[in-house]
Amino acid sequence: MILTQISYLDCVAFLIFLIPQLLLNVNIIKLIICGLRMIPFFLIKLPSSFIIERYFTHQLHRSPFVQRATPFQDFVIRCVRYAFANLPAKIGRVFFSKNVALPFFTFRLFRHGYAHSPIPWREIKVGGVRGLLIGHYEEDDLPEVVVYYLHGGGFSMGSAYFYLEPLLALLTLMQPHWRNPVIFALDYDLVPDKCYPVQLSQAKAGYEYVLSTLVNGEAESVVVAGDSAGATLILSLLLYLAAEPNNEDRKPGFATLISPWVSLVSENNRDTASDFLSAASLHLYGSQYARKKQYLSDPLVSPGSCRYLDWWQRAAPCHGFYITFGGEEVLGPETRELISRLKKAKVRVMVNEEPGLIHAWAIARLFLEESSEERTKGMRQLAAAITGAHFIESPTDSAENGSMEGELPKLYTKEEMEAYVTEVAKSITASSVT
């Protein structure tokens, strides 16, 4: 099931669903103050910057994204850029919450002639695990592949419900190649309500649920996937699993990362003229998630701080990684560094860096691109990478060996890694998984 581009009618419907939830969940005084602060942007800055760059600036002098964007895409991204940098997270999280995203998705279905989703999905609440199980799942007919998906949102916003439409599109594109594929999208607690290690413990619990319930312990049938902060949690989960004793039978088969937030706080995370992300906001959310400054150098909190090639070798899924990101992303430099590190560790990596594009465009394009081909491109690439029918980049069997630049401490031994994870496990056990 793949729906058409977001329309202006959809935008109106979204606002109708959003406004009551803002009134119910946010202090009215804060809403009024926030609204007053937005007036200069919407009345002056937005229209003036839009008109000047699109119609009075030479094509070559426009930002790379604006050079290829439609007016509608440009307008939406300018609004998102302002919201990410200026809206408090407590307000921002309402935009992506279940009570807004689910009725909006239902409206989109009705507008396309569906009384309900042609692909079934249901809510899962098992112990400490919450999420959405998408697809035709039968206990006596286990799926050939399960995608375990963690959503993005800077740890402070987002929900599995907001990702229903993209995940249904991905499943639709996977169905011709796999018998009975399903997707399990985890809902984890958000910052500042809960901080590390709660989200990692929930990611681990979700993975245990997938292994024990959906694939009967066949870890190679699992594809772990995520975007942005969700991709951070996927990398943290892989590093955690790698340091467990006898982990080989628990490795997932493959990992797909969309615009991963590799290092939570890094001087390499710099604002660009195209991307809607703000490095300052990212560093704020990352610090809130980590809770303590010293945790920002912990590989299980900020995976980019893991410089140990042997750890990455042990963490890599059986069939490696597929990583896709935009060439104009704030997070681009750290993503390229991760790819380089994985290749040096002799890990197979398929890479899709899209010039001129921005954060998580593989997902955003499903809502904002005009043509069916462009709209589904990101999901088609993910489905192709998962099925093995298409390779973005040649396998890295011939990649050169080499140590990382600069002085490195000695590599972890297997015993040291297991001891480290034992300590983290104690923290996870002590944290509440709700």
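Two strands count as paired if DSSP finds at least two bridges between them. I start there since the opening topic is a set of paired strands. The model is a predicted one.

Take strand S5, residues 222-227. Strand S3, residues 146-150, pairs with S5 in the parallel sense, over five bridges. One of the residues involved is Leu 150, whose bridge partner in S5 is Gly 226. S5 is also joined to strand S6, residues 254-258, by five bridges, and these two run parallel. There, Ala 225 has Thr 256 as its bridge partner in S6. Between S5 and S6 the chain passes through helix H9, residues 229-242, and this β-α-β crossover is right-handed.

How many of the six residues of S5 are buried? Six of the six, so to speak a mostly covered strand. In a regular strand the side chains alternate between the two faces of the sheet. In S5, Val 222, Val 224 and Gly 226 point one way, while Val 223, Ala 225 and Asp 227 point the other way, and all are buried.

Glu 354 sits in strand S8, which covers residues 349-354. Is Glu 354 buried or exposed? The cut-off for buried is under 20% relative accessible area. Glu 354 has a relative accessibility of 9%, and therefore counts as buried. Leaving aside residues up to four places away in sequence, Glu 354 touches Phe 325, Gly 326, Gly 327, Arg 365, Lys 377 and Gln 381.

Helix H15 spans residues 377-387 and is mostly covered, with eight of its 11 residues buried. Among the buried ones are Gln 381, Met 379 and Leu 382. After H15 comes Gly 388, which has a positive phi, near 80 degrees.

Now the aromatic residues. The structure holds 21 aromatic pairs. One of them is Phe 41 with Phe 42, an edge-to-face pair at 5.0 Å centre to centre, with 80 degrees between the planes. Phe 41 is buried, at a relative accessible area of 8%, whereas Phe 42 is partly exposed, at 36%.

Tyr 196 and Tyr 295 have ring centres 5.5 Å apart and planes at 75 degrees, so this pair is edge-to-face. Which parts of the chain does the pair tie together? Tyr 196 is in the loop between strand S4 (182-186) and helix H8 (198-214), and Tyr 295 is in the loop between helix H10 (279-290) and helix H11 (309-315), so the pair ties together parts that are 99 residues apart in sequence. Tyr 196 is buried, with a relative accessible area of 5%. Tyr 295 is partly exposed, with 22%.

There is also an aromatic cluster, formed by Phe 96, Tyr 149, Phe 162, Tyr 163 and Phe 367.

Rolling a probe the size of a water molecule over the atoms shows where empty space is left. The second largest pocket holds about 540 Å³ of space. Its lining has 20 residues, and the closest to the centre of the pocket are Ser 97, Lys 98, Gly 158, Ser 159 and Leu 190. Which elements each supply at least two residues of that lining? They include helix H1 (8-25), helix H5 (89-95) and helix H6 (98-111), together with strand S1 (121-126) and strand S2 (129-134).

Methods. Residues numbered from 1 in each chain as written. Predicted model: local features only at pLDDT ≥ 70, side-chain atom pairs only at ≥ 80, totals over all residues. Heavy atoms only, no water. Helix = DSSP H or I, 4+ residues; strand = E, 2+ residues; numbered from the N terminus. Buried < 20%, exposed > 50% of the residue type's maximum accessible area, 1.4 Å probe, protein only. Contact = heavy atoms within 4.5 Å. Right-handed = clockwise from strand over helix to strand, strands pointing away. Phe/Tyr/Trp six-rings, centres within 6.5 Å; stacked < 30°, edge-to-face > 60°. 1 Å grid on protein atoms, 1.4 Å probe; cavity = no way out; pocket = protein on both sides within 12 Å on 5 of 7 lines; lining within 4 Å. Points joined across faces, edges and corners; volume = space filled by probe spheres on them.
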